[in-house]
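Here's a quick briefing for anyone meeting this structure for the first time. Have a look at it, then read on.

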Amino acid sequence: MAATITAPAPNYLNATKGWKSWLLTLDHKRIAILYMVAIAVFFLVGGVMAMLIRLELLNPGRDLVGANTYNKLFTLHGAIMIFLFIIPGIPAILGNFLLPILLGARDVAFPRLNLASWYIFMLGGLFALYSIITGSIDTGWTFYTPYSTQTDTSVVSMTLGAFILGFSSILTGLNFIVTIHKLRLPGITWYRLPLFVWSIYATAIIQVLATPVLGITLLLLVVERLAGIGIFDPAMGGDPVLYQHFFWFYSHPAVYIMILPGMGIISELITTHSHKKIFGYKAVAYSSLGIALVSFLVWGHHMFVSGQSELAAMLFSFLTFFVGIPSGIKVFNWVTTMYRGSIVLNTPMLYALSFLFLFSIGGFTGIFLGALAVDVHLHDTYFIVAHFHYVMMGGTVMAFLGGIHHWWPKMFGKLYNEFWAKIACGLIFVGFNVTFGSQFILGSQGMPRRYYTYVDQYQPLHAFSTFGSWILGAGFLIMAVYLIHSLVKGKRAGSNPWYSLTMEWETSSPPPTENFIELPSLTHGPYDYDKVLPINVEPDGKPAKLKEAVS
Amino acid sequence: MDTTGTLFFPPGGSTYAGDVDSLFYFIYYASAIMFALVIGATIFFIIRYRRRQQTGKTYGKDHNFALEVTWTVIPTILILIVFVWGFRSYMRMNVVPRDAMEVKVTGQKWFWSFAYGSGASSVNELVVPVGQPVKLLMSSRDVIHSFFIPNFRMKMDVLPNRYTITWFEATRTGEFDLFCTEYCGQGHSEMIGRVKVLGEREFSEWLDAGSGPGQGESLVDYGRRLYTSRACNTCHSIDGSANVGPTFKGIFGRQEAMVAGGFITVDENYIRESILQPQAKVVAGYQPVMPTYQGILKDRDIDALIAFMKSLSNE
Amino acid sequence: MSQAKEFADETGQEQAGAHAAPHHHPANLAHHFSDMAQQKDSAKMGMWIFLLTEVLLFGGLFCAYAVYRAWNPEIFHNGHAFLDVTLGTINTIVLITSSLTVALAIRFLQVNKIKLAVINLAATIAFAGTFMVIKYFEYMHKIHEGQLPGKFYTFEGMEGTNPHVFFSVYFLMTGLHGIHVLVGIGIITWVLIRTIKGHFSSEYYTPVELTGLYWHLVDLIWIFLFPLFYLVG
């Protein structure tokens with residue numbers, strides 16, 4: 001230890017104090033932490049609901065709750081996880097925290113708008129909470145008409161909540177697009193951007209283009225319920241299937257709002273922890289944009305059995321397959337990136353590998369659902385449930401967890417317990433596969449989704465799945481404990497514990513209020529790992545051999 | 001025709017089930033091979049290129065045209081095969097053969113009813129002949145439902161404002177599950193019916209017999225049969241427990257408080273009215289969700305149900 | 001490289017003086033931008049993206065309009081006869097004029113004629129108010145007649161099945177547009193007050209310019225709504 005102990009330089013966490021300095025902060029990093037706290041609470045609530053759902057399905061008949069309560073549980077689980085956890089999750093937490101730093105900027109383009117987005121997000125959350133208190137909602141997170149216009153549960157407040165959350169999402173996306181375009185440090189060209197930035201950019205485009213349509217759809221639903229305008233009501237000359245078109249026009253691209261940022265994280269994790277230049281930078285970057293564009297043209301694949309015309313079904317099926325190609329290319333690129341790398345199996349990398357495994361399964365099972373004849377059988381069964389959990393949880397959530405573990409030292413300046421982190425990761429991986437792997441078989445055997453009870457032949461697989469949910473729950477419990485422990489008693493992290501070359505690691509951990517005391521050197525690109533040895537890192541966190549290597 | 005089922009599928013029972021299964025397994029094995037390659041390569045790289053103490057610089061080449069073209073073209077070809085195959089099979093499932101026998105399917109909260117050309121009808125039990133195409137003309141009385149027979153690999157949404165049409169041809173006799181797969185509220189998970197595939201002769205006998213009481217069957221027994229076959233049991237118990245609707249146990253002669261206020265003694269006329277106009281007088285504590293049975297139950301069916309309820313009160 | 005160095009020097013200075021008053025900063029430059037041009041470009045781009053989302057928001061309703069018109073051509077034909085073309089035309093002229101005055105206000109700010117800018121902004125508010133007053137009388141008439149959306153529809157003088165659909169779509173679209181006009185009045189009032197206080201000049205008038213962009217969009221949407229409801233039969 002050095003003899004002279006200097007007071008640690010002020011960072012964004014301790015620069016100012018008091019709850020006001022947090023609730024009125026304009027610092028993108030603090031806003032990210034505000035989101036993190038809120039989203040963690042929502043994830044906990046949604047997760048507990050998932051555990052209750054699985055518990056109820058342990059046996060046929062009523063185990064724990066009746067049909068009405070069960071219907072509310074799965075609706076809330078879906079709505080909370082989608083609107084309050086997975087859509088905002090990566091962009092609002094990691095995007096907010098990292099984006100300006102990765103561009104060498106001091107903040108996002110519109111800091112006040114950024115804070116406003118958080119408040120709008122919380123307002124949306126309050127509406128959801130109000131809905132839960134006043135009778136909850138039992139329509140499923142898709143709010144399909146005419147059921148949603150007829151049920152006497154609290155639909156209006158929940159839909160308004162989702163509408164408001166949409167605004168938060170739009171404003172965040174808008175902020176990010178402008179930030180990426182206008183606030184890059186001179187010298188950071190588009191092709192020198194880390195792939196996480198590209199993926200956030202593609203995500204922001206979808207947020208901005210798709211969310212307004214969801215907004216107007218939900219608004220129509222609200223007006224339909226309040227005034228009975230009959231837009232979606234067959235009794236009054238309306239059409240419930242039109243609602244589905246409107247809804248999926250947003251909600252299918254929304255799936256890519258959820259997965260694209262996760263893909264961006266994986267690009268960062270695999271390059272850093274394999275100490276390897278990304279394979280096919282442009283292919284990975286442009287496939288994000290490709291996915292974003294094609295995602296707008298495939299919404300009808302949610303409606304293959306809704307009675308839409310064969311022509312529409314054919315077109316949507318065809319286009320759906322072409323979302324698969326860029327996703328596949330990304331996976332191949334990531335795997336090839338590891339070739340002749342220098343791979344460390346630490347926790348973030350384990351999550352990245354879990355992502356590769358689970359997301360591949362999620363992607364391949366998507367092919368089954370894109371194939372028209374097979375989809376007819378699998379539509380609205382547990383196969384779908386398993387498929388989207390593999391993509392959303394096996395994909396996005398694994399990437400999110402990997403990202404949290406990767407950037408935790410940067411965000412808080414503390415290291416977590418690596419041993420317990422690996423145990424938790426293992427439990428989550430195994431628990432996830434037990435829970436949802438079994439549901440593929442359940443689904444193709446014919447088990448419909450959204451059933452609180454079922455015919456006896458499905459019982460063994462349901463019990464197996466419920467058992468998996470306990471393993472999964474144990475994994476998350478351990479994670480909560482060691483993460484909180486690290487905040488209190490964790491070892492101090494250096495500025496660059498992973499020897500990463502992206503720019504956020506050039507500033508201290510945690511970063512100072514305006515991100516950089518000394519501006520980043522810009523002597524190397526984010527993935528120039530072939531120019532520096534993985535273990536030679538100076539105490540200040542800068543890779544030692546870099547300057548001479550780059551000249 | 002397989003009758004045992006596989007890991008992924010229940011035994012098939014329709015003409016196009018085999019085709020769907022084949023496509024499923026084609027995708028399954030193609031995916032499995034590619035998945036094995038991806039994961040195999042990953043595991044190999046992890047072991048072979050793990051970080052050691054003394055390690056050189058990592059490989060700097062970041063593209064390989066031949067490789068990238070290969071992994072773009074091969075999956076594209078595979079998915080085009082899947083697309084064409086899937087679409088052709090889908091058309092086969094959607095184009096109804098000319099000689100198909102038509103059955104009118106009505107979905108409502110929370111049971112299925114079927115009307116046959118001959119005037120026969122049934123509830124929650126679709127009876128069809130083996131080896132003959134059956135066209136289903138479907139509509140809903142309330143919200144969206146979806147008609148799913150796993151063994152036939154057949155599914156179609158049932159909408160309130162238009163007819164949807166699908167068909168199947170059963171290849172063997174037997175009984176199969178029939179599920180509702182579009183979430184439709186409280187009774188969604190119990191909106192389960194059966195599909196009974198009969199031989200041609202048995203089917204025409206069934207049609208002729210209509211749905212009246214069987215030979216020598218008492219009115220009470222017939223009512224008991226209707227209680228399950230007309231799906232009263234979805235919402236009304238006979239063991240005294242409250243469900244979506246009041247229990248039938250001891251219902252006849254009971255004083256019930258009404259939602260609109262006041263009391264009513266349950267008698268023949270009240271039961272009849274509640275079956276035909278369920279919303280007219282609703283028992284307090286229950287939602288007005290029961291659909292009308294107008295046109296589904298004939299007079300003697302209602303008589304039988306009343307007799308059955310009386311028998312439950314006399315016990 | 002050298003460009004990056006220059007930038008580093010410049011921002012390094014700024015950071016050193018970040019907590020003290022950044023005296024070399026223009027007063028209206030936020031701390032995280034390096035110069036006024038960057039700030040203005042960012043603000044403008046943000047506004048354009050916002051307007052895009054507005055177009056998409058209304059796009060959903062135009063879509064609904066198209067679908068319901070295709071399904072119910074008869075009632076859209078009969079319905080439009082109950083709208084007052086004269087009032088609609090006056091409103092269109094009023095709104096186009098207000099677009100002109102807001103553009104003039106920006107022009108006068110660019111040449112530092114603050115007083116004329118104030119007059120034009122005030123005129124814009126007056127025109128917007130006129131639009132809303134006329135809209136109010138139109139709405140009141142419809143409410144009185146019972147030509148209302150959905151279950152509130154009580155009017156009996158119109159032929160065709162489901163006549164309420166026309167008025168549902170009419171009230172939804174003009175209503176959402178009306179809300180945008182009201183929001184616009186609020187924002188223009190705010191920039192008017194700031195102009196009077198002397199916050200804007202040829203040096204800095206971005207908020208007025210962005211307000212102008214928003215107002216043009218509100219105007220543009222009306223220019224689509226007017227023929228679709230009042231003229232096309």
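Let's start with one residue: Glu190(B) counts as buried because it has 20 C-beta neighbours inside 10 Å. (A residue is buried if 20 or more other C-beta atoms lie within 10 Å of its own, exposed if 12 or fewer, and partly exposed in between, with C-beta atoms placed from the backbone.) This is a predicted model, in which local features need pLDDT of at least 70 and side-chain atom pairs count only at pLDDT 80 or more, while totals for chains, interfaces and linings use all residues. Residues are numbered from 1 along each chain as its sequence is written, and chains are lettered from A and ligands numbered from 1 in the order in which they are written.

**Two loop residues in chain B**

- Glu190(B) sits in the loop between S9 and S10 of chain B. Helices (H or I, at least four residues) and strands (E, at least two) are DSSP runs, numbered from the N terminus.
- Leaving out residues up to four places away in sequence, Glu190(B) touches Thr453(A), Trp110(B) and Thr234(B). Two residues are in contact if their C-beta atoms, placed from the backbone, lie within 7 Å.
- From Glu190(B) to Asp239(B) you go 49 residues in sequence and 18 Å in space, C-alpha to C-alpha.
- Ala242(B) belongs to the loop between helix H4 (219–229) and strand S11 (255–257) of chain B. Is Ala242(B) buried or exposed? Ala242(B) counts as exposed, because it has 11 C-beta neighbours inside 10 Å.
- Ala242(B) and Tyr286(B) are 44 residues apart in sequence, with 9.5 Å between their C-alpha atoms.

- Strand S10 (residues 193–198) of chain B has Gly193(B), Val195(B) and Val197(B) on its covered face, and Arg194(B), Lys196(B) and Leu198(B) on the uncovered one.
- In a regular strand, the side chains alternate between the two faces of the sheet.
- S10(B) runs parallel to strand S4 (residues 125–129) of chain B, with five bridges joining them. (Two strands pair if DSSP finds at least two bridges between them.) Opposite Leu198(B) in S10(B) stands Pro129(B).
- S9(B) also pairs with S10(B), in the antiparallel sense and over five bridges. Here Leu178(B) has Gly193(B) as its bridge partner.

**Helix H2 of chain B**

- H2(B) has 30 residues and reaches 43 Å from its first C-alpha to its last, close to the expected 44 Å. That expected span is 1.5 Å times one less than the number of residues.
- The buried residues in H2(B) are Trp71(B), Ile79(B), Val82(B), Phe83(B), Gly86(B), Ser89(B), Tyr90(B) and Met93(B).

**How the chains meet**

- Two pairs of chains touch, and the pair with the most contacts is A and B.
- There, 69 residues of chain B are in contact with 76 residues of chain A. On chain B's side, H2(B) gives the largest share, 15 residues. That side has 37 nonpolar, 20 polar and 12 charged residues. (Ala, Val, Leu, Ile, Met, Phe, Trp, Tyr, Cys and Pro count as nonpolar, Asp, Glu, Lys and Arg as charged, and the others, Gly among them, as polar.)
- Chains B and C do not touch, and their nearest C-alpha atoms are 13 Å apart.

- Chain A has 16 helices and zero strands. Its radius of gyration is 23 Å, close to the 24 Å that the globule rule gives for 551 residues, so chain A is as compact as a globular protein of that length. (The radius is taken over C-alpha atoms, and the rule is 2.2 Å times the number of residues to the power 0.38.)
- Chain B has six helices and 12 strands. Its radius of gyration is 28 Å, whereas a compact globule of 315 residues would have one near 20 Å.
- Buried residues make up 66% of the 551 residues in chain A and 37% of the 315 residues in chain B.
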